[in-house]
Amino acid sequence: MIGSILLAIGINGFLVPHQLLDGGIIGIALILHYYFDFHAGLWSALLSIPLIIYAWIKDRKQFHGSFYGMIVTAVFIDLLAPFQFSLPIWLSAILGGAICGIGVGLMLRYKTSTGGTDLIAYFIAKATPLNIGFLIALMDGLIVLLGYQTLGLQSVVFSSITILTAGFLASLCYEEF
């Protein structure tokens, strides 16, 4: 629950005011939100359904946490949408990434996730020696590049800062604390 709330605060409070992306499934949902004014939380849940089904097949324990995490995170993202902070873009990128990364790291540490690409990273990290924070940052970076056409270079640069910060802190929270 705490991880989901932190993720929603990081997204709405710091990323949305500057049209920054978190990456992953939530990043795709944010692109849809910025371009079509779709509800980011709802779309992150809908886009996560195939990954949740995969978790059901491969790891039932992870499925339960991911399903719960996906629903709770989606609800908090949409509920907290009106709460935004007016900070400089560079500070929003760093703080938003830090808060999102801590939220994701806590969720993964306690066998839950948003059901998005962090779930893919969990399964890859479990099967390989690759670091989960690195995997999250890599996948998120690809999503941020997808947002270039819609959001422009400034958003891509600051979103990259966001995902690097988030990936580092997700890894730290998942593995160290």
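Reader: Which backbone oxygen lies 2.7 Å from a polar atom of the side chain of Thr-73?
Author: That of Gly-69. A note on the source: this is a predicted model, where local features need pLDDT of at least 70, side-chain atom pairs count only at pLDDT 80 or more, and totals for chains, interfaces and linings use all residues. Residues are numbered from 1 along each chain as its sequence is written, and side-chain values use heavy atoms, with hydrogens and water left out.

Reader: Which side chain has a polar contact with the side chain of Thr-73?
Author: Ser-4, at 2.7 Å. A polar contact is a pair of N or O atoms within 3.5 Å; within protein, one must be able to donate a hydrogen and the other to accept it, and residues adjacent in sequence count only if both atoms are side-chain atoms.

Reader: Where does Thr-73 lie? And is Thr-73 buried or exposed?
Author: Thr-73 lies in helix H4, residues 60–79. Helices are DSSP runs of H or I with at least four residues, numbered from the N terminus. Thr-73 is buried, because its relative accessibility is 2%. Buried means under 20% relative accessible area, exposed over 50%, partly exposed in between, with a 1.4 Å probe and protein chains only.

Reader: What does Thr-73 touch?
Author: Leaving out residues up to four places away in sequence, Thr-73 touches Ser-4, Leu-7, Ile-26, Met-107 and Thr-114. Contact means heavy atoms within 4.5 Å.

Reader: At what angle do H1 and H4 pack?
Author: About 40°, with the axes 8 Å apart. H1 covers residues 2–15. The axes are lines fitted to C-alpha atoms over the stretch in contact, and angles run from 0 to 180 degrees between N-to-C directions.

Reader: Which residues of H1 and H4 meet?
Author: On the H1 side, Ser-4, Ile-5, Leu-7, Ala-8, Ile-11 and Asn-12. On the H4 side, Gly-69, Val-72, Thr-73, Phe-76 and Ile-77. By class, the contact of H1 with H4 has seven nonpolar, four polar and no charged residues. Here Ala, Val, Leu, Ile, Met, Phe, Trp, Tyr, Cys and Pro count as nonpolar, Asp, Glu, Lys and Arg as charged, and the others, Gly among them, as polar.

Reader: New topic. How many aromatic pairs are there?
Author: Five. Rings of Phe, Tyr and Trp (its six-membered ring) pair if their centres lie within 6.5 Å; planes under 30 degrees apart count as stacked, over 60 as edge-to-face and the rest as tilted. Phe-14 and Phe-85 are tilted, because their planes are at 35°; their ring centres are 5.0 Å apart.

Reader: Where do Phe-14 and Phe-85 sit?
Author: Phe-14 is in helix H1, and Phe-85 is in the loop between H4 and helix H5 (89–109). They are 71 residues apart. Phe-14 is buried at 7% relative accessibility, while Phe-85 is partly exposed at 39%.

Reader: What kind of pair do Tyr-35 and Phe-36 make?
Author: Edge-to-face, because their planes are at 90°, with centres 4.7 Å apart. Ring pairs also link Tyr-35, Phe-36, Phe-38 and Trp-43 into a cluster.

Reader: Last one. What is phi of Asp-37?
Author: Near 65°, a positive value in a residue other than glycine. Asp-37 lies in the loop between H2 and helix H3 (40–58). Asp-37 is exposed, at 61% relative accessibility.

How values were computed: Helix = DSSP H or I, 4+ residues; strand = E, 2+ residues; numbered from the N terminus.
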